[in-house]
Amino acid sequence: MEKFDVIIIGAGAAGLFCAAQAGQARLNVLVLDSGKKAGRKILMSGGGCCNFTNMYTEPTAYLSANHHFCKSALARYTQWDFIDLVQRYGIPYHEKTLGQLFCNDSAQQIIDLLLKECEIGKVTIRLRSEVTHVEKKEQGFVVTTEGKQVSTHSLVVASGGLSMPGLGASPLGYRIAEQFGLNILPTRAALVPFTLHKPLLEQLQTLSGVAVPAVVTAKDGTVFRENILFTHRGLSGPAILQISSYWQPGEYVSINLLPDTDLEGFLDQERESHPNQGLKNTLAKLLPKRLVECLQSLGQLPALSLKQLNPAQKKDLITTLQCWHVLPNGTEGYRTAEVTLGGVDTNELSSKTMETHKVKGLYFIGEVVDVTGWLGGYNFQWAWSSAWACAQALAAREQIVLFSRKAS
């Protein structure tokens, strides 16, 4: 039976980075993944350009049942550390908005970086290797894959969450956690578009492709300011994806379609200058004409001239445009979700090492853990940071194992 110092399940962002760091610490590392290619989710991220981190990364940008858990790893391996690595590889990148950093050319450059780092660490990567069984032994773990068994002192689960099953997402990591008695917090799709109930959906479908800057607010008061996008299924765009992580079924979201406009002042000024102008034409100066027409067909906007608009109607109009309540039918689910909320309970893990308290030598990193970042590179940074923290612990643990062997 082949023996390794470390076996990592998952050749995604967290798994590859942890493998590279551990390998370069002179550990004998094996990475197992059921897919045909390493880093499949990386390749399609950021529209194919990989939003690999965010310059404003901080713990407040993460959701977790334990809001403090992510602090240690994020502080010890920061966005600036990964940016330095990207620069050392000469990968050109740019800031898009709000600190989001993208490759100028292709996400493949980040995959190539990770694979090169693994090569430097002499890491063994085996693709198309589905893990079918994991067993704890006195000296470590035995992992069964494709009918073959391999053993290891330390096992790292970096198998990701349930989002985007078309890219190989599976519940394997959760099954392993449950096998060893770890608590799993309920999971659901996050950073995901909303679907709408049929009457509203049918009327808004004419707006498919229209995007507008907006401020979106969840029931709990969480606010995001970015574009929203009307689609043939419902609502998407950065602001919607962000707020989806804070939304619960049955709740409304509030949308301010004109966040930078003193709408009452604008209407008064327009009425003074053009009293006979139709309300629709007036609002078309601020919003896409198709959106104004759609809102009018929904009965949200009265078909009046400005001089016909009475104070009560004006107040209702302002509420409609700057506090538009939308009740989503649901989300598009894991099929299009960028990440998975929930997962392995962080109370089961050391925030410094990512090792489980119950089973020595067993680690969980990346998306499989109950740490979920905002849209914009935050989840990649959690992958790098949790992987780095784990790799440092693996190297330290292996030194202890070697010392114990020599002493005996």
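Domain bounds here come from an automatic or database domain assignment. In this predicted model, that assignment gives domain 1, covering 2–188 + 339–407, and domain 2, covering 194–331. The centres of domain 1 and domain 2, taken over C-alpha atoms, are separated by 41 Å.

The contact between the two parts can be described from several sides. Eight residues of domain 1 are in contact with ten residues of domain 2. Between domain 1 and domain 2 an area of about 730 Å² is buried, and carbon and sulfur atoms give 51% of that area. On the side of domain 1, the residues that lose the most area to domain 2 are Arg188, Trp374 and Leu375, which together account for 63% of what that side buries. As for specific interactions, the count of salt bridges between domain 1 and domain 2 is zero, whereas five residue pairs are in polar contact, with both residues at pLDDT 80 or more.

The strands can be followed from strand 1, residues 2–9. Six of the eight residues of strand 1 are buried, so strand 1 is largely enclosed by the rest of the structure. Strand 1 has parallel pairings with two strands. With strand 2, residues 29–32, strand 1 pairs in the parallel sense over four bridges; in this pairing Val6 has Val29 of strand 2 as its bridge partner. With strand 10, strand 1 also pairs in the parallel sense, over seven bridges, and here the bridge partner of Ile7 is Leu155 in strand 10.

Strand 10, residues 148–157, leads on to strand 9, because these two strands pair in the antiparallel sense over five bridges. Within that pairing, Val142 stands opposite Ser151 of strand 10. What is the burial of strand 9, residues 140–145? Six of its six residues are buried, so strand 9 is largely enclosed by the rest of the structure. A residue counts as buried when its relative accessible area is under 20%.

On its other pairing, strand 9 is joined to strand 8, residues 131–137, by six bridges, and the two run antiparallel. Lys137 has Gly140 in strand 9 as its bridge partner. A hairpin links strand 8 to strand 9 through two residues. Strand 9 and strand 10 likewise form a hairpin, with two residues between them.

Two loop residues deserve a look at their backbone angles. Most residues other than glycine have a negative phi, and most peptide bonds are trans. Glu146 has a phi near 55°, a positive value in a residue other than glycine. Where does Glu146 lie? Glu146 is placed in the loop between strand 9 and strand 10, in the turn of the hairpin that these strands form.

Arg128 also has a positive phi, of about 50°, although Arg128 is not a glycine. Arg128 belongs to the loop between strand 7, residues 124–126, and strand 8. Is Arg128 buried or exposed? With a relative accessible area of 55%, Arg128 is exposed, since the cut-off for that class is over 50%.

Methods: Residues numbered from 1 in each chain as written. Predicted model: local features only at pLDDT ≥ 70, side-chain atom pairs only at ≥ 80, totals over all residues. Heavy atoms only, no water. Buried < 20%, exposed > 50% of the residue type's maximum accessible area, 1.4 Å probe, protein only. Contact = heavy atoms within 4.5 Å. Buried area = accessible area lost by both parts, 1.4 Å probe. Salt bridge = Lys/Arg side-chain N within 4 Å of Asp/Glu carboxyl O. Polar contact = N/O pair within 3.5 Å; in protein donor to acceptor, adjacent residues only side chain to side chain.
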